[in-house]
Amino acid sequence: MNRLLRGVLSHWQLYEPDTDIQFDASVPLPIAQALHRRGVKTASDLEAFLYPDAYPFSEINALPDAEQALELLHYAVQRQKKIFIVGDYDVDGTTAATLLYTFLEALGYTSNNVKVHLPNRLSEGYGISAYAVQRAIEFGAELFIAVDCGTKDIASLERLKAAGMRIIVLDHHRVDSSTTFPPADAFVNPQRPDSHYHNRYLSAGALTYRLLAAYQKRYGQPEDWEGVDLGAISLLADIMPLVGENRALVQLGLRRLRSSLRPGIAKLMEIARLTPEHLTYSRSIVFQLVPRLNASGRLRDARYTFYLLSASAYSDKVREVAEYLNSLNQYRQTLQESAYQEALKQLEARYPGIMTGEIPPPSALVVVGKNWHKGVIGLVASKLVERFYRPTVVFIAAEDRLIGSARSPAEVPLYEVLNTYCRPYMERFGGHDRAAGLTIRAENLESFTREFQAGCATYEPLVPLDFIDSEISPEMLADTDFVSWCDRFEPTGPQNDAPRFLLRGLRYCDGVEGNKLCFATSTARLYEAYPEGVHLERLKTYLNQHKGNSLSIVFTPRLSSANKVYLRLRDVLIDND
């Protein structure tokens, strides 16, 4: 039975496996318990977990219409038919579009017979716009491929069909039983109700990679094309579960990135002060590369990111574009922080005491900004979810309508709540269980908020709950072999979090520098601990109130480049018995 412990930030269950754990003696027991909780219970499981080459990938034809998509693409390639590609403006969409474009380039395509269109977030919005349709028609496209969009673009695809085009849709957005399938010759989506593919949670980039790799294997060409690196980036950018196939793809992709960098990624890494060694960790991609790659699609035009990803050689222009993306990302950070602080003020005015924790937040949060940038509202929603652990919608005003971006903790199925409770008030809507985009009329804001909060309230009480893999002693942290095992859980992310351990009997030390906290053991050994930035103040407040007390912490141990152990702090426990 798992014991429940309360922390400052979360509730924690101390994992106690109900069966004997049997691994090779070289696997430390706390590590074995962490593996067991992730479903890794046998020697063969461990081999597949650690070595992606051993992972048994499923055949692509388990996906509905994958066979038709391969045949359509091969038919077009053999006859050098004109192909028009439309993606999304985020990293998943741009990586998927880049994969298709570079694949066709390797097959001899040029700008004369393949075009890529990535919509402008501000002027076109998400999906296949009227402008994209017109461009495809004017280009004389014979095959139209939509990646990371298309599932709900019925009218646009009907226009393309009427113009005589064959259509492939490669998408991963939600398809429920009431969804009308798009009028495509091949609609490849792992979320389709009739899909027998074992992984419903492929990103669009990973889906595109899997399809193109299947083409390459079947037809033996192009011989010199590789795309698993971009498939991996897309999975991390879209926050897909990192288990099974997704984990293996990211492992293979990060290995590829460490050994052979695309020129644009290499330059962006140089600017971000990342080395190939940093690419052992998923955090380096998620928090360093992805925001820079996303910046152009959020604030300007995703074609800059596409150019950087598809560049085949170093040039002054590659350097200039990489520097431009970096400057855009800095500007994005300024816009995001300004909107976030305004949103906090709005919430405190509406719910006095919510900021200090004097009152609990309502079942869901809704804020509206007049001058916030459309490209950052999803990020603001994510920060509010992280801060208050409530489903959140952040709207911006656009004349008589409100355009919103929604995010949610894992316990609340966002898509289902919006679709069930808020459908009458939404003019446009789509997304996942953790993220969605929507549009409502301004006069419906109060009704929408009421119904959204009512739907989310059915999942209360909403308290963060996570697992501690094992309790350990300070002596274990002196074993660098044990600590280095924690790195072998990489890449970490949803459903494959980094190992979390419990350490008791610590004392908080003063002298905080930046985001560093210090703890000492009874033998006066000091440990540097680094909490997530958004939680630093809450933890510092609690620790300052309990100076001199014996404390317990939840953390992940890491080794620095100097082979020194430091702690990534997850929480400080209130229950300390």
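**Legends to close-up views of the predicted model**

**Figure 1. Surroundings of P491 in the predicted model.** P491 is found in the loop that runs between helix α18 (480–487) and strand β15 (501–513); the coordinates belong to a predicted model. The peptide bond that leads from E490 into P491 is cis, and its omega is near 0°.

**Figure 2. The cis peptide bond at P222.** The loop between α7 (204–219) and α8 (228–237) contains P222. The bond joining Q221 to P222 is cis, with omega near -5°.

**Figure 3. Positive phi at I239.** I239 is placed in the loop between α8 and α9 (244–259). Its phi is near 55°, a positive value in a residue other than glycine. I239 has a relative accessibility of 61% and therefore counts as exposed, the cut-off for this class being over 50%.

**Figure 4. Positive phi at R273.** R273 occupies the loop between α10 (263–272) and α11 (282–299). Although R273 is not a glycine, it has a positive phi of about 60°. With a relative accessibility of 74%, R273 counts as exposed.

**Figure 5. L73 within the largest nonpolar core.** The largest nonpolar core comprises 75 residues, and the members that touch the most others are L73, I83, I85, I145 and I285. When residues up to four places away in sequence are not counted, L73 touches I83, L104, L143, I145, I168, L212 and Y215. In soluble globular proteins, nonpolar side chains tend to be buried together.

**Figure 6. The salt bridge between D469 and R38.** The structure holds 32 salt bridges. In one of them, the side chains of D469 and R38 meet with an N to O distance of 3.0 Å. D469 lies in the loop between β13 (465–468) and β14 (470–471), and R38 lies in the loop between α1 (29–37) and α2 (43–50), so the pair ties together parts that are 431 residues apart in sequence. D469 is buried, with a relative accessible area of 0%. R38 also counts as buried, at 15% relative accessibility, since the class takes in values under 20%.

**Figure 7. The salt bridge between D65 and R192.** D65 and R192 form a salt bridge in which the closest N and O atoms are 3.0 Å apart. The pair ties together parts that are 127 residues apart in sequence, because D65 lies in the loop between α2 and α3 (66–78) whereas R192 lies in the loop between β7 (186–188) and α7. Both D65 and R192 are buried. Side chains of opposite charge can pair when their charged atoms come close.

Figure 8. R210 is joined to E245 by a salt bridge, with 3.0 Å between the closest N and O atoms. This pair links distant parts of the chain, with R210 in helix α7 and E245 in helix α9, 35 residues apart. Both R210 and E245 are buried. Elsewhere, salt bridges that share partners join R37, R38, D466, D469, D497 and R500 into one network.

Terms used: Residues are numbered from 1 along each chain as its sequence is written. This is a predicted model: local features need pLDDT of at least 70, side-chain atom pairs count only at pLDDT 80 or more; totals for chains, interfaces and linings use all residues. Side-chain values use heavy atoms; hydrogens and water are left out. Helices (H or I, at least four residues) and strands (E, at least two) are DSSP runs, numbered from the N terminus. Buried means under 20% relative accessible area, exposed over 50%, partly exposed in between (1.4 Å probe, protein chains only). A nonpolar core is a set of buried Ala, Val, Leu, Ile, Met, Phe, Trp, Tyr and Cys residues joined through side-chain atoms within 4.5 Å. Contact means heavy atoms within 4.5 Å. A salt bridge is a side-chain nitrogen of Lys or Arg within 4 Å of a carboxyl oxygen of Asp or Glu.
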